[in-house]
Every structure is written in C-alpha cells, then in structure tokens.
Amino acid sequence: MTLTLYPAVDIRDGRAVRLTQGAADAETVYDDDPVAAALRFAEAGTEWLHVVDLDAAFTGEPRNRHLIETIVA
C-alpha cells in the first residue's frame, strides 16, 4: 500500500495560513507570502500541492486568484 501526502497552502487575506479545526477565527499565519511557501514545498521535492482560497470559501469572492495563478505558473 502506498500513502501519498499532499502539502497544502491555504490562502487568506493574501497570506498562507492554517485554521484550527476549520474555524475562521482560529487562524495561524505561517507565511506572509503564499507563493514563497509553495516554492519551498516544490524545492523540497513535492510534485503536487493543494491550494485553497479561504476568502473565496468563506465569502464567495476569489480575492487570491492572482496568487494561485502565480503558484500554478
């Protein structure tokens, strides 16, 4: 059996964050630059990355599309 782990970059207000148990008011910022966070994963050898626009998830407005496009590029 093979286990595949996918690192994630969750973006909120233009920063890479983690939410405790998905709670919008329980946020930890782990990088002010989500593109840099994604690049670190790539440099470490990851082939796949899970990226979430939390602003879009919570408000319906995809305010971080430009960051996601940069990560994809």
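1. Leaving out residues up to four places away in sequence, V9 touches A16, Y30, P34, A37, A38, F41, L49, H50, V51 and V52; contact here means heavy atoms within 4.5 Å. Please keep in mind that this is a predicted model, in which local features need pLDDT of at least 70, side-chain atom pairs count only at pLDDT 80 or more, and totals for chains, interfaces and linings use all residues. Residues are numbered from 1 along each chain as its sequence is written, and side-chain values use heavy atoms, with hydrogens and water left out.

2. Buried means under 20% relative accessible area, exposed over 50%, and partly exposed in between, with a 1.4 Å probe and protein chains only.

3. Now the fold as a whole. The chain has three helices and four strands, and from the N terminus on they run β-β-β-α-β-α-α. With a radius of gyration of 12 Å, close to the 11 Å that the globule rule gives for 73 residues, the chain is as compact as a globular protein of that length. For reference, helices (H or I, at least four residues) and strands (E, at least two) are DSSP runs, numbered from the N terminus. The radius is taken over C-alpha atoms, and the globule rule is 2.2 Å times the number of residues to the power 0.38.

4. A few totals are handy beside that picture. The C-alpha trace spans about 35 × 30 × 20 Å along its principal axes. Buried residues account for 27% of the 73 residues. Of the contacts between residues at least 6 apart in sequence, 48% join residues at least 24 apart. The accessible surface comes to about 5,100 Å², and 53% of this belongs to carbon and sulfur atoms; the areas come from the Shrake-Rupley method with a 1.4 Å probe, and for residues only the protein chains shown count as cover.

5. On charge, there are 6 positive and 13 negative side chains, and the centres of the two sets lie 3 Å apart. Lys and Arg count as positive and Asp and Glu as negative, while His and the chain ends are not counted. Each charge is placed at NZ of Lys, CZ of Arg, CG of Asp or CD of Glu.

6. R15 is found in strand β2 (residues 15–19) and D31 in strand β3 (residues 27–31). R15 is partly exposed, at 27% relative accessible area, whereas D31 counts as buried, at 15%. Apart from residues up to four places away in sequence, R15 touches D10, E27, V29, D31, D32 and P34. With that same exclusion of residues up to four places away, D31 touches R15, A16, A36, A37 and R40. R15 and T28 are 13 residues apart in sequence, with 10.0 Å between their C-alpha atoms.

7. F41 brings us back to helix α1. Its relative accessibility of 27% makes F41 partly exposed. Neighbours within four places in sequence aside, F41 is in contact with P7, A8, V9, T46 and L49. F41 and Y6 are 35 residues apart along the chain, and their C-alpha atoms are separated by 9.9 Å.

8. D13, in the loop between β1 and β2, has a positive phi of about 55 degrees although it is not a glycine. Q21, in the loop between β2 and β3, has a positive phi of about 50 degrees and is likewise not a glycine. D13 is partly exposed, with a relative accessible area of 48%, while Q21 is exposed, at 83%.

9. E47 is exposed, with a relative accessible area of 74%. The C-alpha atoms of E47 and E27 are separated by 26 Å, and the two residues are 20 apart along the chain.
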